[in-house]
Amino acid sequence: MRAGTGVVERAQAGDPAAFRELYDAHHRQVARQLTFMVPRAELEDVLQDVFIEVFRSISRFQGKSAFTTWLYRVAIHVALKARRTHTRARLELVDDVPEVVDPAMQPVEVTLSAERQARVEALLQAVAPKKRAVLVMHDLQGIDAHTIAETLGTNVLTVRTRLFYARRELEALAKADPALAEFFGGVP
Amino acid sequence: MSHLTPEALEAAAIDPSGADAHLAACAACRQSVRDARGRRALLAGLTPYTLSDVGFRRVGAKLAEAADEGLAPPLRWPWVAAGLALAAAAVLVLAVQVDVADSAAQPPVTVAEAAPFQPLTVVQSSGDAQRKSATGWGPLQAGDVVREATAISAT
């Protein structure tokens, strides 16, 4: 669903209906962008925070980039700042069919079991936020380093450095996990 | 020996044929390629998660309410902290005022009156003890009565 033309301008003018239209048009995409960026138990809260921030700062959107690009930037920055302990356990989940996000990756041969999925998600959250953001955006969402640099307000070299260390960190964590060691040639 | 670049390692994790010669000679890079392959398999096996329709509607309802109310600042940690700081400041001001009031209400300190001097009767006197009288210094003897302002001297 796409928002109607002029909805951003109306939102900038403070039209509550326009805010609802923006949410209706973009909430699923933003939720996908937040996947693996934040723990699944915090996805609802962070999604709300993203759109609150969008509504509060939409006057700063000048139209130099596509609105979706600006929205994505807001989402990532809100996700990076998210610091909370989840107190709710009422998140209802829907398993999506994995999208092919990185053309360079091999086709999925094995979908992780629920236990392994949970362990990998926990390992991702153990990686420092800025490194995790680059790892998720590049390796899971298939975004190139230049776009990541623009989104995060940094340079390509920093992105590549963070990606390098994020990958090494994830590998070290996973190799130390008995449930995941077989992926690295260890004894399960 | 130089090692494969990060980009070359990733490429080798997908298809090692382009780095066969180096990998045959470099155990460290072979391990790095194995690790990269394992990491890629783990990430590729992940199933993305998202909210249910109920969850999305819940967020939408909260946002609609906020938008209708003119997007009052959310009660998040910065605002809670500001409120707590304000409350703490108010408590501090109140505590100082109470302390000042308490100080003003304290009763004045009174000085105890000196006990009146009681005459002393000398029980025993050393050989060099003396007392001063109107006529000058003289020996202080047992039985003498020492009254107020009487000077005595003894070692």
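Tutor: What follows is an account of helix H8 of chain A and the two helices that it meets.

This is a predicted model, where local features need pLDDT of at least 70 and side-chain atom pairs count only at pLDDT 80 or more, while totals for chains, interfaces and linings use all residues. Residues are numbered from 1 along each chain as its sequence is written, chains are lettered from A and ligands numbered from 1 in the order in which they are written, and side-chain values use heavy atoms, with hydrogens and water left out.

Helices (H or I, at least four residues) and strands (E, at least two) are DSSP runs, numbered from the N terminus. Helix H8 of chain A covers residues 156–175, and one partner is helix H5 of chain A, residues 114–126. Their axes come within 10 Å and cross at roughly 135°. Axes here are lines fitted to C-alpha atoms, for helices over the stretch in contact, and angles run from 0 to 180 degrees between N-to-C directions. H5(A) and H8(A) are therefore oblique to each other. Angles under 35 degrees count as roughly parallel, over 145 as roughly antiparallel, 65 to 115 as roughly perpendicular and the rest as oblique.

Contact means heavy atoms within 4.5 Å. H5(A) contributes Leu123(A), Leu124(A) and Ala126(A) to this contact, and H8(A) contributes Glu169(A), Leu170(A), Leu173(A) and Ala174(A). By class, the contact of H5(A) with H8(A) has six nonpolar residues, no polar and one charged. Ala, Val, Leu, Ile, Met, Phe, Trp, Tyr, Cys and Pro count as nonpolar, Asp, Glu, Lys and Arg as charged, and the others, Gly among them, as polar.

The other partner is in chain B: helix H3, residues 27–44. The axes of H8(A) and H3(B) come within 10 Å and cross at roughly 85°, so the two helices are roughly perpendicular to each other. On the H8(A) side the contact is made by Arg167(A), Arg168(A), Leu170(A), Glu171(A), Ala174(A) and Lys175(A), and on the H3(B) side by Gln31(B), Asp35(B), Ala36(B), Arg39(B), Leu42(B) and Leu43(B). These residues divide into five nonpolar, one polar and six charged.
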